[in-house]
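This report describes selected packing and aromatic features of a predicted model. The sequence and structure are shown first.

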Amino acid sequence: MAGDEYDPAAASHRALQAIETALSRHPSVVATERFPEAVSTQIVARLDVDAFTAASGDPTLTVRWFAGETQAAEPTVSFHYSDRATDFGWHYEPNPHVDGRGHFQRADESADGYAYQPYSFASLEPARVVWEVCSQLAAELE
Amino acid sequence: MASESPGVTAWKEQTSAFDRVHSIATGLDRPRPAPYIASEAAVAENTARNHLGRLVEMNVLLATDDNGTTLYEPDPLHTRLRTLRSLLASHSHDELLDLKADLQAQIETWQAEYDAATPAALRQSAADSETPAETRAIRSTANEWALTAYRLGIVADAIENYATYTSDLPASA
């Protein structure tokens, strides 16, 4: 930070803390936990199945956030929903499927795994992305 | 960002202006000025400045001057202490030792699998990978490795100073 060298691991750690706090304040989130338990590089949010019209059993949102390798580099991000019936998510990472990093992907057997479409995030600040994704999630599960 | 962006209305309904400024400012990956934080937190600029000033006084944020503009960034010591507090609240000394061993084992697994000593060395090896998919996979592992090493450092700190850090904590109920 001030006067110190940029540390992408510390920046990722801060982002995950901000995401965990934001998730814990969202009304559709029942609980959050780190995953895998020891290394804790991801956050799994257990969602309220009654908060979404089309959600099946055990809905979860799994979050990965790695800050850029340099301060000028962009983060690698995924917010991926899954339940007993389907999975889909909003990702911001290099990929061969769409132009640019932002995309939405949904499990699709006919597309040999996932179908992809471009997605433009309104913000790349971690707490804002939580609320944006939860809003889009509600729309996808109407 | 425009306040009409997805999720912002619900965010404003469910949280206070202070919460939003706090959540944006503590997640920043680089120093930012008050107008940027105000826009991202969906608050007025003066409101953001007031809350940012309080967060600096609380040692949650650092403020630096950049040619007359005040930039705010998370205080790395506050972030570290918050993680230490969480670890000490949820782990006994023995459990911290187990956690340290698990983290070390994971790092040793990556070292053996990729024949690399550090995440930086693994990232270097991505330059020699044969496909874009392999490059992405290597960089993803390097990111996980760096984050795991960062966590290991905090766990080691918690173990080394366990008696000091827990001496003033109230006994568990």
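What is the order of the strands in the open sheet of chain B, and is the pairing parallel or antiparallel? The three strands of this open sheet are ordered β1-β3-β2, and their pairing is antiparallel. The edge strands, each pairing on one side only, are β1 and β2 (61-66) of chain B. Helix α4(B) packs on the sheet and touches β2 and β3 of chain B, its direction making about 115 degrees with that of β2(B). Strands β1(B) and β3(B) run antiparallel and are joined by two bridges; B:Arg32 has B:Tyr72 in β3(B) as its bridge partner.

Helices (H or I, at least four residues) and strands (E, at least two) are DSSP runs, numbered from the N terminus, and two strands pair if DSSP finds at least two bridges between them. Axes are lines fitted to C-alpha atoms, for helices over the stretch in contact, with angles from 0 to 180 degrees between N-to-C directions.

The model is predicted: local features need pLDDT of at least 70 and side-chain atom pairs pLDDT 80 or more, whereas totals for chains, interfaces and linings use all residues. Residues are numbered from 1 along each chain as its sequence is written, chains are lettered from A and ligands numbered from 1 in the order in which they are written, and side-chain values use heavy atoms, leaving out hydrogens and water.

Just after α3(B), B:Ala42 takes a positive phi of about 60 degrees.

Over all chains, eight aromatic pairs are found. Rings of Phe, Tyr and Trp (its six-membered ring) pair if their centres lie within 6.5 Å; planes under 30 degrees apart count as stacked, over 60 as edge-to-face and the rest as tilted. Two of the pairs are tabulated here.

| Pair | Centre distance | Plane angle | Class |
|---|---|---|---|
| A:Trp90 and A:Phe104 | 5.0 Å | 50 degrees | tilted |
| A:Tyr92 and A:Phe121 | 5.9 Å | 85 degrees | edge-to-face |

A:Tyr92 lies in strand β5 of chain A and A:Phe121 in the loop between β7 (113-118) and α2 of chain A, 29 residues apart. A:Trp90 is buried at 2% relative accessibility, and A:Phe104 is buried at 7%. A:Tyr81, A:Phe88, A:Trp90 and A:Phe104 form one aromatic cluster.

Methods
Contact means heavy atoms within 4.5 Å. Buried means under 20% relative accessible area, exposed over 50%, partly exposed in between (1.4 Å probe, protein chains only).
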